[in-house]
Amino acid sequence: GVGVRVGAGAAPARAGQEGDAGAAAEAGGDASSSEKFEQGMAEYAELKSQLTAHTCVAGAAVSAYFFLVWSTEAALGAALGAAGSYFYLKLLLEEVDGLPLDYVPYVTLPMERIRKKLPPEKTFSLSEREPNEYLKAKMVVQGPTKQALKSRMLIPVGLAAAASAVNALASAPLDDEVLPRAAVLLGFLSFKAALVVQLWNQLKVMLVPKFDVDAFLKKYEE
């Protein structure tokens, strides 16, 4: 009778210990996930800061260069374009901030070298998951179209309109514009220079002949 009672008492104790161990493991997993999430958000915040800073530096460099080799008007045009570039980038980053964590784009850039290493069920966009070829082609068209209709696209349109209006009011010929449209355009492309720098820093490892795709993808699977 004593053995039975002892065994009966030990069973709940073991169950309680197993439950505590399971809870501890679950808490550890949650803590690890939370730590990774916070680390990812910190890296994202640093990325935004770098893009903004590089855009400002690129705009200032273009304006200074045009001032030295072109004209004061060209430098002003580049500065105007760079200001538009800064606000364009800010709107773009705000749009990214508003995306849900499970967001999947309509289309993505071709990444055939990486895709060959992945199983067929691994996809990067909604268009890849669509079995109907007609609907897939429709998505491929809708994706860029929706991006073209974003409010931030009014900034380059406004810059072009402003430059054209200034030159029209001054009755300036195309070869001697008061506010050179080419300078405005190049100033606006400052954010592109910042993006190219960031992309190069992230993807230059892929140009190495012994680049390990599996190791590169592992950090996105954790």
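1. Leaving aside neighbours within four places in sequence, phenylalanine 188 is in contact (heavy atoms within 4.5 Å) with Gly81, Ala82, Gly84, Ser85, Tyr88, Ile155, Pro156 and Leu159. The model is predicted: local features need pLDDT of at least 70 and side-chain atom pairs pLDDT 80 or more, while totals for chains, interfaces and linings use all residues. Residues are numbered from 1 along each chain as its sequence is written, and side-chain values use heavy atoms, without hydrogens and water.

2. Phe188 belongs to the largest nonpolar core, together with Leu51, Tyr88, Leu89, Leu93, Ile155, Leu159, Ala163, Leu179, Val184, Phe191 and Ala194. Such a core is a set of buried Ala, Val, Leu, Ile, Met, Phe, Trp, Tyr and Cys residues joined through side-chain atoms within 4.5 Å. At least two of its residues come from each of α2 (72–97), α6 (154–169), α7 (181–188) and α8 (190–203).

3. The protein has nine helices and zero strands, taken as DSSP runs numbered from the N terminus (helices H or I, at least four residues; strands E, at least two). Of its contacts with a separation of 6 or more, 65% join residues 24 or more positions apart.

4. Of the 222 residues, 23% count as buried, where buried means under 20% relative accessible area, exposed over 50% and partly exposed in between (1.4 Å probe, protein chains only).

5. Leucine 68 lies in helix α1 (residues 2–69). Its relative accessible area is 70%, so Leu68 is exposed.
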